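Work through the following exercises with the coordinates open beside you, and try each task before reading its solution.

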Amino acid sequence: MNLIDVNEKFKTEESCWNYLEQMRWPDGIRCGTCGNAEVSTINRKVSKETDNKRGKLYQCLEDSCQQQFSATSGTIFHDSHLPLTKWFMAVALIADAKKGISAKQLQRHLGIGSYKTAWYLAHRIRKSMEETEGSLFTGTVEVDETYIGGKFDKRRKRARYEKPAVVGLIERGDSGRVRTMRLNTVSKATLVGTILKHTDEIAHIMTDEHAGYKSVGKVRKHDSVNHIKEEWVRGNVHTNSIENYWSLFKRGLIGSFHQVSVKHLERYMAEFDYRFNNRKDVDIFIKTIARMCNVTPMQYSQLTADRDPAL
Ligand SMILES: [Zn+2]
């Protein structure tokens with residue numbers, strides 16, 4: 001579904017609510033608290049853009065429960081004042097933006113009142129893109145570590161949290177996947193540990209000459225290129241795919257998001273990984289909406305709880 005399809009199919013609040021209800025309750029409406037199927041509809045005036053918090057509200061008729069709920073209860077959409085049409089368009093825009101899209105752009109495209117609202121919206125969508133499980137990587141797998149943000153300056157002895165280290169694995173090939181994560185320290189233990197944890201026994205690992213990868217050969221088939229000696233490619237031994245991926249991610253961060261704070265970094269990484277891993281899926285929009293129904297609410301205060309420096 002491209003942007004035009006989404007715009008066409010989800011033009012009205014009602015179309016969005018119907019879609020979410022279908023997705024959440026394919027076999028009929030059920031109370032999310034007790035599972036009871038006997039519910040009554042609470043009539044409320046819907047569709048006023050500013051007050052559509054609970055487009056379609058239901059009440060559980062089980063005496064001991066009597067919970068009021070809607071299709072968005074307990075999901076990432078929970079308690080949002082934004083019209084669902086804007087949520088849906090935001091998903092389509094983020095899913096489509098190869099280098100990411102800033103909250104400022106979202107705000108403008110969707111006609112959202114405040115920057116804060118657009119920013120919060122984007123982080124909740126990102127949250128639903130986090131990978132919760134995934135099979136082991138196999139085949140030829142490139143692994144590379146890097147630092148995110150600014151130029152590394154040893155003399156300034158920047159604290160580690162100012163300059164987060166990340167590691168990424170990428171499976172080569174058309175349908176190859178990527179998986180990136182933060183590292184507390186870049187060491188032999190963390191790098192080899194990551195490879196052991198995320199690749200299967202027959203994976204062939206490609207890295208650069210970093211000392212942390214020296215012992216990979218003991219646990220996996222391993223080849224490396226020596227960038228220091230200006231060796232970038234030796235036959236099929238190279239780390240170009242993961243390096244290209246980092247460069248896309250870094251350009252995206254610089255170009256689309258200013259003031260990314262360290263504590264939100266992993267959510268941006270999840271967004272980029274998700275988009276890359278679903279690059280061939282024409283139903284990425286639908287898949288994302290489905291995930292959003294399965295992600296529990298995230299409060300604004302959770303996102304802004306403690307201050308930490310920007311990258
Ligand atoms: Zn109930």
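Predicted model: local features only at pLDDT ≥ 70, side-chain atom pairs only at ≥ 80, totals over all residues.

**Exercise 1. Identify the protein donors of the zinc ion and decide what arrangement they make.**

Solution. Donors are N, O and S atoms within 2.8 Å of the metal (3.2 Å for Na, K and Ca), and because water is not among the atoms, sites may look incomplete. The SG atoms of Cys31, Cys34, Cys60 and Cys65 meet this description, lying 2.3 to 2.4 Å from the zinc ion. Next, the angles that the four donor atoms subtend are 99 to 113°, so the arrangement is tetrahedral (four donors with all angles between 85 and 135 degrees). Along the chain, the donors follow the spacing C-x2-C-x25-C-x4-C. Finally, Cys34 lies in the loop between helix 2 and strand 1 and Cys65 in the loop between strand 2 and strand 3, so this pair ties together parts that are 31 residues apart in sequence. Helices (H or I, at least four residues) and strands (E, at least two) are DSSP runs, numbered from the N terminus.

**Exercise 2. Describe the aromatic pair of Phe10 and Phe285, and state whether each residue is buried or exposed.**

Solution. The whole structure holds 16 aromatic pairs, where rings of Phe, Tyr and Trp (its six-membered ring) pair if their centres lie within 6.5 Å, and planes under 30 degrees apart count as stacked, over 60 as edge-to-face and the rest as tilted. Phe10 and Phe285 form a tilted pair, 5.8 Å centre to centre with 40° between the planes. Phe10 sits in the loop between helix 1 (3–9) and helix 2 (13–24) and Phe285 in helix 9 (residues 284–293), so that the pair links parts of the chain 275 residues apart. Phe10 is buried at 5% relative accessibility, and Phe285 is buried at 1% (buried means under 20% relative accessible area, exposed over 50%, partly exposed in between, with a 1.4 Å probe and protein chains only).

Notes. Residues numbered from 1 in each chain as written. Heavy atoms only, no water. Tetrahedral: all angles 85-135°; square planar, octahedral: opposite > 155°, others 65-115°.
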